[in-house]
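Hi,

Here is the structure I promised to pass on to you.

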Amino acid sequence: MNDRENKRDIHIENNKRWTVRDRQFTFAEIELGGQEGQQEEPVSRVVMPANLERNLDWQQDFRYVSREQQFVQKGRELERETVESAAFIPFQTYWPTYEQMQPGQLRWYLYWREEVRSGRYPDTDLSYLFVYLYELIHGIGWNVPAHGYALMDRVWQAYRQRYPKLDVYVREWLYDLALVFGLDMPLTEPLQKLPRNMSLELKELEWRRRFTAEPLELSWDMLLLLLDYDVEKSRFYMEQGRKELRAYIPKVLVLVDGYLAKTRGARLIERFKPREKRASRFLFRSAIYDHEMYGRTVTVPTLSISDDLPLRSYLTQLARLTENKLRELTGFKGKLRGISVEPEVEQLITRFLHKEFKQREAMVRIPEIKINSAKLRKLRQESDEVRDMLLIGDLPLVTGEGNDVRLPANFPDHTPQAKSYAQAQTKLGRSSYKPKPSNGLQQAELDFERGWQVFEEQDLTGHEQEVSMGLLKDDLLKQEQQEYNDITSELSDSMQVMLDTAGQHAEVFADDKGMDSQSEWREMFVRLSAGHMDMLSAMLEGKSATVRQGIAEQTGSMPELMLDEINELSMEWIGDLLIDGDEILEEYKAELQNMLKGR
């Protein structure tokens, strides 16, 4: 019983506690006044503090701010911030933003950005570059759209060699800026190849530029994308016709395009008239971009050239016809079937290729010339000895008695000069000379009609002696030079004929290996056309792409084709490429400059 009573008392006590606690959380009850003794029902009211006024804007204070919007806000805050100096700190991350920078990295970025804005481009990491490009996309750092476009293009050109990855992104973003603000996209250098990840709009823009260029511009790699026939898998291409096909198919297309323009008033693109279509393009893809600025997408009109079936079919027929003609000219068995081209166009291609092959056959290979380097070295050594002796101030001059002309006592008897003097004596009816010392100085003079004359010793003034000694030295030098030229001409008559025909002048080297190398360079140089030489000169002088284009237009070709032709000749004759990309290899520049000097 006691236990039950204790449990009941505990339960009652707990109930009291919960009742008191509940009362603490109820709102205050205010009893309204009434007559004493009269009971009124309580009225509950909510009591609010007077200072709790709600001034919140739910749309502004509780809206979601994206990472891109945060980037733009921070960029606006830092737009005018500069730092006078800072140390470079590496920064490499995906999708770089200000929040990912440490204080030192942000300091370097602000310093580097000011350098770039001033036209200086110090080395830095790629992530810093992307942050700067994101700023330009959002209008940070410029007020006029054309200025923003120019800033993006400049930083791209300054760093694209160090970071080729920039080409993938910046080319697209520049196009988007031009679309958004209605800018005329400036012409850039034509692409040698179309990157796989390039957008369809930019690809079609590049096709349009090439088909409307004067003349038509189609490199081999770009042409393959327009053909319905894989030329590089042809048996003729794989076995022997690789060089011919790569060289002549693009030229044939340029020829036909120009022919149609003159005879029918419509070039290839005007004749087939590819249809125009409109595509929806996402703006600033792969960039940190706030789409609330310019929108997510824009509609772009494009000229569908690459997938125009009639145009592709005609280009394929021209390529197959060219291959057949090349097979005939090279004696390759077998022909491609099912080719349908206008008779006048076929005749034009036939005449062109026959002319090209006749010119190639007319270039007779120049025979190799071998020079006895040992004989040349000996001749050069003897000539040097004679020249040194003649130039020494205290060397005794020609001496003799009466009509007997004598050479100095230490004059080498085995030299060609000594022999020539002996022959001169014989022609004059005199005995062969004998070198012997003499104390008397006589004046000697060479008359080309009467031979050597020796005058009686006479008293001469110092000036007259000096003049006579100078004349005699000149005569001896002329005689030595004549002998040297006679021997050299015997060795190099055939070489001189070759050099005169080619309009070149080459130096004869004593080293046999050097002579072989020079011969290979001359072989290649003779086969270069005037246009090829002009193109090489322009590249050595660092001329612009416009100048190179003008040179190619004068020859009816394209810069890419001309560079390929030069490389083919250099591979054939010197065993290496002269040109890599659009630059002449450094190790061949000096040799090439020497060869071009004698043009």
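In this predicted model, the axes of H19 and helix H20 (residues 545-554) come within 10 Å and cross at roughly 175°. Angles over 145 degrees count as roughly antiparallel, so that is how H19 and H20 run relative to each other. On the H19 side, the residues that meet H20 are Gly-531, Asp-534, Met-535, Ala-538 and Met-539. Their partners in H20 are Arg-548, Ile-551 and Ala-552. By type, the contact of H19 with H20 holds 5 nonpolar residues, 1 polar and 2 charged.

Another helix pair to look at is H7 (residues 166-181) with H8 (residues 200-212), whose axes come within 11 Å and cross at roughly 85°. H7 and H8 are therefore roughly perpendicular to each other. Here Arg-171, Glu-172 and Tyr-175 of H7 make the contact with Glu-201, Leu-202 and Leu-205 of H8. The residues of this contact split into 3 nonpolar and 3 charged, with no polar ones.

Next, the second largest pocket. How much space lies in it? About 1000 Å³. Its lining is made by 26 residues, and those nearest the centre of the pocket are Tyr-248, Lys-251, Glu-356, His-532 and Glu-565. Sorted by type, the lining has 10 nonpolar, 7 polar and 9 charged residues.

Finally, two details of the backbone. Most residues other than glycine have a negative phi, and most peptide bonds are trans. With that in mind, look at the peptide bond from Glu-214 to Pro-215: it is cis, with omega near -5°. You will find Pro-215 in the loop between H8 and helix H9 (220-224). Then there is Trp-95, which is not a glycine and yet has a positive phi of about 50°. Trp-95 sits in the loop between helix H3 (67-77) and helix H4 (103-117).

Best wishes

Note on methods:
Residues numbered from 1 in each chain as written. Predicted model: local features only at pLDDT ≥ 70, side-chain atom pairs only at ≥ 80, totals over all residues. Heavy atoms only, no water. 1 Å grid on protein atoms, 1.4 Å probe; cavity = no way out; pocket = protein on both sides within 12 Å on 5 of 7 lines; lining within 4 Å. Points joined across faces, edges and corners; volume = space filled by probe spheres on them. Nonpolar A, V, L, I, M, F, W, Y, C, P; charged D, E, K, R; others polar. Axes fitted to C-alpha atoms, helices over the stretch in contact; angles between N-to-C directions. Helix = DSSP H or I, 4+ residues; strand = E, 2+ residues; numbered from the N terminus. Parallel < 35°, antiparallel > 145°, perpendicular 65-115°, else oblique. Contact = heavy atoms within 4.5 Å.
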